[in-house]
Amino acid sequence: MKKATDVFGDWAAKGKDKGMEKSHALPVSEMIDFILSKNEGEFSFLDLGCGNGWVVRKMAENPLCNKAVGIDGAENMISNANSLSNKEIEYILADINSFNSTEKYDVIHSMEVLYYLDNPKEVIKRISNSWLENNGRLIIGIDHYYENNASHSWQDKVGTRMLMFNEKEWLLMFKEAGLQNVQSWRANKSSDWEGTLVITGVR
């Protein structure tokens, strides 16, 4: 099994990051619409596992977004992100497993990232305790989860370790991290796709 950052670094070098952007566009748009529906003023935004930065660029276009930052552990992804962005967007190359943010954010978003980490529960606690502003929101999208049978073979296909949890376990991680108003739903669900599991909570 390769490290996830090596796998996705290779994907970025081959241009496959564009395919990731396309496949995630619908559930991420649904998550962004939810974020904006709950927002009442200016906000800062962090994308955890930002890939080529497409979500960060999208949020930076919103007039209420006063700061947009992306973090990723794959050097080629950050390189692609920087090549596609203007200087007003900050990208951080760092290992999310051990990264400690010196800034706090109103919104932290993550799509298809946390189950690649060594200990998602601990990262969620770290986010809740020191990365989020008061009343800040964490929102994540997960396609690789127990209830989604189609995802059960992905670890072998991709060749990197993927932790698998069910919906109740993800909800419990948020609640045990001290997040409030925790809720979940399935985004972009269809007759032949279980949908992206979205979990969100407020500090």
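Reader: What makes Cys50 count as buried or exposed?

Author: First, the basis: this is a predicted model, in which local features need pLDDT of at least 70, side-chain atom pairs count only at pLDDT 80 or more, and totals for chains, interfaces and linings use all residues. Residues are numbered from 1 along each chain as its sequence is written, and side-chain values use heavy atoms, with hydrogens and water left out. Now the label. Buried means under 20% relative accessible area, exposed over 50%, and partly exposed in between, with a 1.4 Å probe and protein chains only. Cys50 has 3% relative accessibility, so Cys50 counts as buried.

Reader: Where does Cys50 lie, and what is Cys50 in contact with?

Author: Cys50 sits in the loop between strand 1 and helix 3. Helices (H or I, at least four residues) and strands (E, at least two) are DSSP runs, numbered from the N terminus. Contact means heavy atoms within 4.5 Å. Leaving aside neighbours within four places in sequence, Cys50 contacts Val56, Gly70, Ile71, Asp72, Ile78 and Tyr91. Ile71 is 21 residues apart from Cys50 along the chain, and their C-alpha atoms are separated by 5.6 Å.

Reader: Why is Asn100 called exposed?

Author: Its relative accessibility is 53%, so Asn100 counts as exposed. Asn100 lies in the loop between strand 3 (90-93) and strand 4. Asn100 still touches Arg126 and Trp131, not counting residues up to four places away in sequence. Arg126 and Trp131 are among the buried residues of helix 5.

Reader: What do the buried residues of helix 5 pack against?

Author: They pack against strand 1, strand 4, strand 5 and helix 7.

Reader: Which residues of helix 7 are buried, and how do you know which side they are on?

Author: Glu167, Trp170, Leu171, Met173 and Phe174 are buried. They cover an arc of only 155° around the axis, which puts them on the same side of helix 7. The arc is that of the directions from the helix axis to the C-beta atoms. The face turned away from the buried side of helix 7 carries the exposed residues Lys168 and Lys175. The buried residues of helix 7 pack against helix 5, strand 5, strand 6 and strand 7.

Reader: Which residues of helix 4 are buried, and what puts them on the same side?

Author: Met77, Ile78, Asn80 and Ala81 are buried. Their arc is only 160° around the axis, which puts them on the same side of helix 4. Exposed Glu75 and Ser83 are on the face of helix 4 turned away from its buried side.

Reader: What is the largest nonpolar core made of?

Author: A nonpolar core is a set of buried Ala, Val, Leu, Ile, Met, Phe, Trp, Tyr and Cys residues joined through side-chain atoms within 4.5 Å. The largest has 40 residues, and Ile124, Leu138, Trp170 and Ile199 have the most contacts inside it. Among the elements that each supply at least two residues of this core are helix 1, strand 2 (65-72) and strand 7 (196-202). Apart from it lies another core, of 24 residues, among them Val28, Tyr91, Ala187 and Val198.

Reader: What is Trp170 in contact with?

Author: Leaving aside neighbours within four places in sequence, the contacts of Trp170 include Leu114, Pro120, Ile124, Ile140, Phe165 and Ile199.

Reader: Why are Glu112 and Asn188 given the labels they have?

Author: Glu112 has a relative accessible area of 11%, so Glu112 is buried. Asn188 has 32% relative accessibility, so Asn188 counts as partly exposed. Glu112 is in the loop between strand 4 and helix 5. Asn188 is in the loop between strand 6 (180-187) and strand 7. Glu112 has a positive phi of about 60° although it is not a glycine. Asn188 also has a positive phi of about 60° without being a glycine.

Reader: How many residues line the largest pocket, and what makes an open set of points a pocket?

Author: On a 1 Å grid over the protein atoms alone, with a 1.4 Å probe, a pocket is an open set of points with protein on both sides within 12 Å along at least five of seven lines, and lining residues have an atom within 4 Å of a point. The largest pocket is lined by 39 residues, with Ala4, Thr5, Phe8, Asp72 and Gly73 nearest its centre. Helix 1 gives the largest share of that lining, six residues.
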